[in-house]
Each structure stands twice: as structure tokens, then as C-alpha cells.
Amino acid sequence: MATTAPETLPPDVVAPAEPEEPQPQSSRQPAESRRRALAIAGEATVSTGAAAGFTLWARTVDVDPLTRIGQVSGLATLQFRAALIALPVLAAVLYAAHRASRRHFHHALRLGCAVVAGLGTGIVAGGIAVALHGTPWGLGGQDGDPGVLQGYATSFLRGEGLPDIYPPGFIVLLAEWTAHLRHGQVGYALKDLQLLLSALLGPACYLAWRTLLRPGWALAVALPAAVVFLDPIRPYSHLVMVVLLPVLARLLTELTRAPHRPPRSAALRGALLGGALGLLFLTYCGWFVWAGPGALVAVAALFPWRGGRAAVLRAGALLAAAAAAFCAVGSPLLLRMLQNASGTVDRYAYFDVYTDPAYVLGWHQDRPGRLTELPWQPAGELAGQGTFTLLLLTGLAVALALGLRRPAVIAALSCLVSAWLLRFWFAGHMERDQAVMLYPRTTWQILYALIALTVLAAMLATRTARALTARRFPTPSPTLGRRLAAGSLCAAALFAVMAASWSANRYQPSDPAHQNMGLDAWRAHHLQRADGSCSPYAAAGSCVAPHHLGRPTDSTYPLLWCGNIPTEQWTAYCGAPAPWAKAT
């Protein structure tokens with residue numbers, strides 16, 4: 001993207017198109033604050049509206065999602081509808097780049113980026129709506145993680161309390177949604193939240209990065225991250241991941257600015273950011289475990305130890321307020337973790353556990369598909385590393401060279417290093433402890449940090465190149481930057497619709513024999529509705545009755561548990577025969 005924003009200024013401040021009459025500072029600041037608030041509200045409304053509105057529109061697509069022809073027709077219909085929305089927006093941005101004033105162009109670019117961010121995940125959620133057309137159940141039906149979540153929510157509604165260690169945020173939301181909007185049908189409520197949170201993941205990631213970067217660069221980070229990492233089966237966990245990094249970066253940014261702010265202002269900003277981190281922690285805490293050590297090191301590195309007593313006190317006030325707000329909001333889970341964390345062991349070994357632990361640029365899924373297709377990870381041209389790897393490593397090098405003192409770069413780097421070290425610590429002790437401890441999920445956090453660093457590197461390199469060329473060409477074309485930004489937005493929009501269709505396609509229903517991600521939608525179509533009827537697209541018109549949901553119990557099996565691995569393969573993958581094989 002061509003437009004950049006220095007981190008020392010609010011990202012929404014733009015120069016006016018025409019010189020304005022001098023005004024007293026006291027009258028200018030409230031007006032500027034109002035304009036900024038309206039601009040932020042406009043972006044948030046447009047982005048979330050595009051995502052949620054497109055998802056609702058997708059629910060009117062009438063195809064048979066259990067046939068491949070129906071799936072292709074449904075995905076194509078989504079692309080056509082997305083074009084009807086995107087093309088007028090992109091045309092308006094292109095027109096503004098060539099004809100409008102600078103100020104009007106920036107307004108158009110903001111809204112255009114917001115629309116593309118919303119459409120990216122709106123199309124994915126729309127594709128899931130197509131996959132679930134005809135059934136009120138969500139992805140997974142009552143099996144796997146969806147069944148566990150429904151069991152916890154049902155247990156909570158019965159007054160049996162919350163689980164000891166699992167983050168309660170989504171469970172409480174699912175329970176309240178069930179009680180107030182779905183008349184006790186927890187599986188139907190889960191479908192609603194799967195669609196809604198999947199759609200809103202893109203806007204949430206984009207708006208979080210907008211607190212640090214200008215629209216084009218915020219979209220460049222948020223769009224690939226949101227589409228690639230979106231997991232519609234449990235979208236709340238990845239929503240936390242993509243928002244956590246920019247919130248940490250904002251906290252580090254405020255830490256560097258705290259010495260120049262009044263103590264009350266610094267403490268208020270710290271409390272707001274700490275409260276936001278607490279809400280994220282309550283929703284899903286795994287990312288905090290892997291990013292936490294690096295974040296603490298980053299805070300220590302940026303703390304103004306030598307800035308004098310006033311600087312230390314103001315920075316300390318910010319951190320103290322952030323810590324207090326985080327503990328106050330996250331206390332329900334923090335207390336449970338202190339009481340029960342030592343006895344919680346994750347032994348679930350799914351497909352990525354068996355792959356090369358140093359491969360962090362992609363993952364297969366938790367279902368292996370046909371084992372004859374192994375090995376999964378693609379072989380690159382240079383020692384197994386491909387062009388995408390080299391691109392990210394180049395971005396890392398440039399970010400370290402040009403931005404090592406910038407809070408956003410430090411935040412991404414700290415998450416990368418912290419997750420990297422903990423990944424190999426847990427993996428290295430896996431055989432001895434017979435515990436996975438969810439270490440493969442660090443793949444997402446590491447890849448996300450590398451993507452963010454690469455975009456930040458491109459932003460810093462662009463800014464450096466502009467500064468160098470300004471010396472040689474002091475009077476560049478006044479619209480060149482706008483045209484580059486508008487063209488980049490068009491390219492990003494095309495990437496958004498293509499990548500979103502790729503993501504949605506993976507979740508279209510498929511026969512259980514294939515053991516791929518389409519199994520979750522297939523299960524939803526083969527569960528009876530509340531009135532005992534089946535989905536009109538269920539195979540042979542038959543489906544099974546939903547089973548009674550109770551409070552899930554932790555497994556007491558003392559060894560690694562091979563997920564989705566055939567019985568005869570257990571010894572090769574997990575080092576022991578399947579328990580049921582021993583029994584027979």
C-alpha cells in the first residue's frame with residue numbers, strides 16, 4: 001500500500017486539502033477529536049456492516065450443499081454478489097484518487113479498506129452459511145469441540161457452574177444466546193455464533209491494527225491474517241489471536257509515550273488496554289501463554305528506566321493500571337488457572353503433531369484425510385523452504401534493520417520469539433511427559449507474527465524510499481501516491497474474494513470417508529431438527545437423533561491420544577496400540 005502513517009501521530013490525522021484560517025488551539029482540538037471519532041465510527045460501521053450483512057444475504061442462497069455442483073453454484077453466487085458490492089466501492093476510490101481532493105480521497109480510501117476487510121471474512125462466513133443451508137445445526141453437529149462447547153453451555157444453564165480451566169467467555173455467551181434467542185436449542189445458537197464471529201473476525205483484526213497503522217497498511221496485515229487463520233468451527237479462539245498482537249503493540253506504543261502524558265491520561269489508557277486484554281484472556285487464553293514471556297521482555301526493554309523520576313512514575317502508572325484492569329477483568333479465569341492448571345494435561349495428538357516441528361508456515365488440519373497422501377508439508381526449493389518462506393524471512397530482516405525501535409515491530413518480534421521457544425520446549429518434552437500441551441497451535445501465532453513483520457517492513461521500506469527520492473525529486477506527482485494506494489486496494493480486494501472462496505470451499509460438506517474438514521458440515525446435515533425432521537439434503541433422507549448433552553469430563557487416559565488415526569496406525573504414530581485394540 002502506498003499510504004503510510006508515522007507511529008508518532010494518530011493514524012487518522014490527515015492534512016486538509018485547502019489551507020484553513022488559523023483558529024485558537026482550544027477550539028481546534030474538540031473539532032478534530034469529533035472528526036476523528038466520526039471517522040473511526042464510520043470505518044467500524046462500514047466494515048462490520050459489510051461482513052454481517054453479506055453473511056445474512058448468503059443465507060438466501062438456495063442450493064443443495066451436499067452435491068458438488070450445488071457447492072460450486074453456491075460459491076459462485078457468493079462471488080457474484082461480492083462483486084456487486086465491491087465494484088462500486090473500488091470505482092469510487094479510483095475516481096477519488098484521480099479527481100477528488102486529498103482529504104476526500106483519504107475518506108474514500110478508509111471506507112474502501114473497511115469494506116474489503118469486512119467482505120473478506122463475510123464471504124467465508126457466507127460460504128459456511130451455504131454449507132449449512134437446510135440445517136439449523138452448526139459445524140460439527142454435536143461431535144468434537146462443538147459438542148464439548150454445547151455440553152459446557154448446557155451445564156452452565158443448569159446451574160452447574162463453569163469448567164475449571166477452559167476460558168468462560170464464549171461458553172457464557174453461548175449459554176445466554178441459547179436462553180434468550182434460541183429457546184434452549186444450544187446447537188442452533190452455536191451455528192449463529194459460528195457465522196457471526198467468523199464474519200466479524202476480519203473487521204475486528206482490521207480495526208485493531210487501525211489503532212497503529214493507516215488504512216492501507218492495516219488492511220495489508222489484517223486481510224491475509226483474518227482469512228488464513230479463520231477457523232469457523234470455533235472462531236472465537238482465532239479472533240483473540242489476531243486482535244491480541246495489535247493490542248499488545250498499542251500497549252507498548254503507549255508505554256513509550258507515557259513520559260510525555262499527564263499521569264491521569266497515562267493511567268486511563270493503561271486501564272483501557274488492560275481491560276481489553278482481560279476480555280481477550282477470558283475468551284481464549286492459550287495465546288497469552290505463548291506470547292506472555294516475550295511481551296514481558298518487550299515491556300522491560302521499552303520502559304523508560306533512564307528517563308528520570310517523572311518518566312518512570314508515568315510509565316509505571318500506565319503499567320500498574322493495565323495490570324490492575326487485566327486482573328480485575330480476567331480474575332474468573334486467573335483464579336481457576338492458579339487452582340487447577342498444574343493438573344491439566346493435554347494429550348490430544350492430531351495430525352500436525354506428527355510433522356516436522358520446525359515447519360511453521362502452514363498446517364494440514366486436525367483431520368489427516370487419506371494417509372496415503374502423506375507427507376503433508378510441501379517441499380520447497382531451498383532445503384525444503386519455498387518462495388513464501390524466503391519472502392517472510394526477507395520481511396523479518398528488513399523489519400529488524402529499519403524498525404527495531406518501533407513498538408509494533410517489537411511486539412510482533414516478541415510474540416514470534418516467545419512462541420518459537422515455547423513451541424520447542426513443549427514438543428521436546430512430549431515423549432517424556434506424554435503431553436502435547438497444544439504446541440502445534442503456536443504455528444498460527446508464529447506465522448501471524450511473520451506476516452505482520454513483513455507488512456511492517458514493506459511500510460518502513462516504502463517510507464525510507466520516499467524520503468530518499470524526495471531529495472532527488474522534490475516535486476513528485478501529487479496524485480501518484482493516491483493512485484498507487486487505490487490500485488493496491490483493488491488488488492487486495494481481488495485477493496480477498498479469491499482467498500475467502502478457498503477458505504469456504506474447505507468446509508463444504510463431504511463424505512465422512514474422506515476425513516477432511518467437510519465432515520463437520522456433513523454431520524450438521526445428519527442430525528434431526530427439534531421437530532424430529534431431517535435436513536432436506538441428508539443422504540437417503542435419514543438422520544440421527546441428537547444425544548443428551550452433559551457436562552464434559554476430562555480423559556484419564558495416561559498416554560498420548562491419537563486423533564483421527566486408524567487403529568492399525570496408532571503404534572506407528574503414538575507409540576502404543578489403541579486402547580480398544582488392547583481390550584480386544
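**Before you start**

Residue numbers count from 1 along each chain as its sequence is written. Because the model is predicted, local features need pLDDT of at least 70 and side-chain atom pairs count only at pLDDT 80 or more, while totals for chains, interfaces and linings use all residues, and side-chain values use heavy atoms, with hydrogens and water left out.

**Stop 1: colour by confidence**

Start by colouring on pLDDT, the predictor's confidence in each residue, from 0 to 100. The mean for the protein is 89, and 91% of its residues reach 70 or more. Helices here are DSSP runs of H or I with at least four residues, numbered from the N terminus. Confidence is highest in H6, at 98, and lowest in helix H19 (residues 579-583), at a mean of 74. Now select residues 1-25, where pLDDT stays under 50. The model has 57 contacts for this stretch beyond four places in sequence, a contact being heavy atoms within 4.5 Å.

**Stop 2: H3 against H6**

Two packed helices are described by the angle between their axes and the distance between the axes. The axes are lines fitted to C-alpha atoms, for helices over the stretch in contact, and the angles run from 0 to 180 degrees between N-to-C directions. Select helix H3 (residues 102-131) and helix H6 (residues 186-210): their axes come within 7 Å and cross at roughly 155 degrees. That makes H3 roughly antiparallel to H6; angles over 145 degrees count as roughly antiparallel, under 35 as roughly parallel, 65 to 115 as roughly perpendicular and the rest as oblique.

Show side chains for the contact: among them are Ala-114, Gly-118 and Ala-125 of H3, and Ser-198, Gly-202 and Tyr-206 of H6. What classes of residue make up the contact of H3 with H6? There are 11 nonpolar, five polar and two charged residues. In this scheme Ala, Val, Leu, Ile, Met, Phe, Trp, Tyr, Cys and Pro are nonpolar, Asp, Glu, Lys and Arg are charged, and the others, Gly among them, are polar.

**Stop 3: H9 beside H11**

Next, pick helix H9 (residues 263-283) and helix H11 (residues 309-340), which pack at about 25 degrees with their axes 6 Å apart. That makes H9 roughly parallel to H11. H9 passes H11 in a right-handed crossing. The contact of H9 with H11 has 19 nonpolar, five polar and one charged residues.

**Stop 4**

Helix H7 (residues 215-229) packs with helix H16 (residues 480-506) at an angle of about 10 degrees, their axes 9 Å apart. H7 and H16 are therefore roughly parallel to each other. From H7, Leu-219, Leu-223, Pro-224 and Val-227 meet residues of H16 including Leu-489, Phe-495 and Ser-503. By class, this contact has 10 nonpolar, one polar and no charged residues.

Stay here and select Val-455, in helix H15. Leaving out residues up to four places away in sequence, Val-455 touches Trp-217, Ala-220 and Val-221. Val-455 and Ala-220 are 235 residues apart along the chain, yet their C-alpha atoms are separated by 6.6 Å. Is Val-455 buried or exposed? At 11% relative accessibility, Val-455 counts as buried; buried means under 20% relative accessible area, exposed over 50% and partly exposed in between (1.4 Å probe, protein chains only).

**Stop 5**

Leu-239 lies in helix H8 (residues 235-257) and is buried, with a relative accessible area of 18%. Beyond four places in sequence, Leu-239 touches Leu-197, Leu-201 and Ala-204.

Gly-70 sits in helix H2 (residues 68-99) and is buried at 8% relative accessibility. The C-alpha of Gly-70 is 9.3 Å from that of Val-130, 60 residues apart in sequence.

**Stop 6: two positive phi angles**

Finish in the loops. His-183, between helix H5 (169-181) and H6, has a positive phi of about 50 degrees although it is not a glycine. His-183 is exposed, with a relative accessible area of 73%. Leu-438, in the loop between helix H14 (430-433) and helix H15 (442-472), has a positive phi of about 60 degrees and is not a glycine either. Leu-438 is partly exposed, at 27%.

Definitions and conventions: Left-handed = near helix turned anticlockwise from the far one by under 90°.
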